[in-house]
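Hi there,

Here is the structure I promised to send over. Have a look, and then read on for my notes.

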Amino acid sequence: MGFHGSKRQWRLQAIAGILLSALILPIFVSVHSIVSWDFAMAILPGWHSTVFPPYFVIGAVHSGVSAVATVMASLRRVFHLEDYITPDHFDALGRLLVAVATTWLFFFLMDFYFGIFRRDPTEVAVWQLRLFTPPYSTLFPIFLLTAYVIPVPIWLFRRFRRNIGVMFWTSLLVNVGMWLERYILIVPPLSFKEPFTYLWVPPYVPQPPEYILTLAGFGLVSFGFLIFAKIFPIIPLYDIKEGQVLKHEIRIGRVRVPAIFRE
Amino acid sequence: MAETASDALLGVFREPDSVATALDSLRAAGFGGHELTILSGVPYPEGAFGEEPERHRLYVFPFMGAACGFAVALLLVIGTQISYPLVTGGKPILSIPPMVNVMYEGTMLGAVLFTVICIIFESRLPNLTPMPYDPRISEGYIGVLVTRADGRTAAAERALREAGALDIVTHPNAQLAT
């Protein structure tokens with residue numbers, strides 16, 4: 001392309017980073033809330049809730065940031081990026097995850113609370129299905145333990161946040177938990193299709209094509225990550241170099257700037 | 001006149017202070033800001049070398065893109081619904097609430113696409129004109145590229161050397177030899 005690192009190109013690149021981040025954030029929120037409105041507008045017990053949009057958005061942030069931690073730890077080990085991805089990064093991610101996970105828990109509890117507060121028989125029946133009927137009654141505690149109860153208390157301790165192995169396994173737990181959350185959110189209300197309990201459809205049991213499609217989904221995403229990591233530089237080296245340049249010097253050329261100065 | 005490799009030369013420096021001195025000397029020798037380009041492997045703060053602020057139109061393009069995206073999305077939702085007028089539940093064919101979603105997404109998509117195009121356009125990419133370059137620049141050295149120096153090459157080279165240039169590169173493929 002002819003990028004040669006002129007002042008103009010660097011300046012545009014820095015501004016573009018900020019600009020695109022600002023633009024992508026409302027898109028992220030809108031995409032996830034549109035998906036959640038698709039559920040909420042279905043007038044299906046268990047889905048018909050006004051808390052869904054923020055619940056889905058924060059759930060996506062929770063599982064997304066955890067996935068970032070998992071992928072970071074994996075790539076750090078595979079590509080020997082120990083000098084670039086440091087415990088400081090995982091520490092920062094852990095702090096962020098504590099806040100995000102707790103916000104997500106608030107919306108989860110709101111969904112549960114509003115579900116049972118109005119005492120709508122079908123809504124209560126769906127929650128009974130989720131909480132007391134196998135296999136959901138087994139999956140539900142696993143989901144809650146893996147999505148919040150186990151990882152968040154661990155992330156409260158600095159030494160665990162700076163431990164790459166702990167961060168890898170806890171963030172992986174969150175991804176398992178958040179996958180189960182969506183499963184429990186979607187499947188039980190669909191199992192409750194009729195107004196009378198004797199008309200309930202048989203419990204949903206995944207069939208081999210569904211297992212294959214689910215595994216293929218995981219495989220496709222992993223494949224995409226690996227292809228990206230193979231083709232593109234996963235660490236922008238100028239960031240590292242810039243950090244080295246600005247680390248010890250306050251005065252650069254003819255201007256005096258803070259050590260972490262950035263356009 | 002577009003610059004070519006034959007009338008360009010590159011001074012390679014180690015220290016930012018020397019680059020600032022070189023720019024002062026080159027300006028004193030009659031070179032304008034548009035003829036001087038600083039190359040570096042990392043982004044330096046604005047004004048670090050005493051250079052003139054860069055003018056760009058990056059902030060205009062997202063708005064242009066948003067306007068175009070909004071218009072396209074509006075045409076899309078109105079066009080498709082009028083082409084296939086299926087009345088559902090007695091609701092109007094053109095109902096604003098469901099149209100807002102598509103228009104919002106179209107607006108944001110236009111803004112993002114135009115921003116990306118603008119970054120490429122304003123960065124003057126793709127730049128296929130071969131220019132002098134030194135691989136040491138990507139390792140932390142700083143280059144001062146003087147373009148349109150035809151007839152003033154000696155003055156430019158003298159200014160660069162007096163400011164402390166470690167090397168002067170004039171050939172576009174010099175990087176292959178080093």
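Which residues in H1(A) meet which residues in H2(A)? Phe28(A), Val29(A), His32(A), Ser33(A), Val35(A), Ser36(A), Trp37(A), Phe39(A) and Ala40(A) from H1(A) touch Phe52(A), Pro53(A), Phe56(A), Val57(A), Ala60(A) and Val61(A) from H2(A), where contact means heavy atoms within 4.5 Å. By class, this contact has 12 nonpolar, three polar and no charged residues (Ala, Val, Leu, Ile, Met, Phe, Trp, Tyr, Cys and Pro count as nonpolar, Asp, Glu, Lys and Arg as charged, and the others, Gly among them, as polar).

Please keep in mind that this is a predicted model, in which local features need pLDDT of at least 70, side-chain atom pairs count only at pLDDT 80 or more, and totals for chains, interfaces and linings use all residues. Residues are numbered from 1 along each chain as its sequence is written, chains are lettered from A and ligands numbered from 1 in the order in which they are written, and side-chain values use heavy atoms, leaving out hydrogens and water.

As for geometry, the axes of H1 (residues 7-40) and H2 (residues 52-78) of chain A come within 8 Å and cross at roughly 130°. (Helices are DSSP runs of H or I, at least four residues, numbered from the N terminus; axes are lines fitted to C-alpha atoms over the stretch in contact, with angles from 0 to 180 degrees between N-to-C directions.) That makes H1(A) oblique to H2(A), oblique being what remains after under 35 degrees (roughly parallel), over 145 (roughly antiparallel) and 65 to 115 (roughly perpendicular).

On cysteines, there are zero disulfides over all chains (a disulfide is a pair of cysteine sulfur atoms within 2.5 Å). The sulfur of Cys68(B) lies 13 Å from the closest cysteine sulfur, in Cys118(B), too far for a bond.

Best wishes

Note on methods: Helix = DSSP H or I, 4+ residues; strand = E, 2+ residues; numbered from the N terminus.
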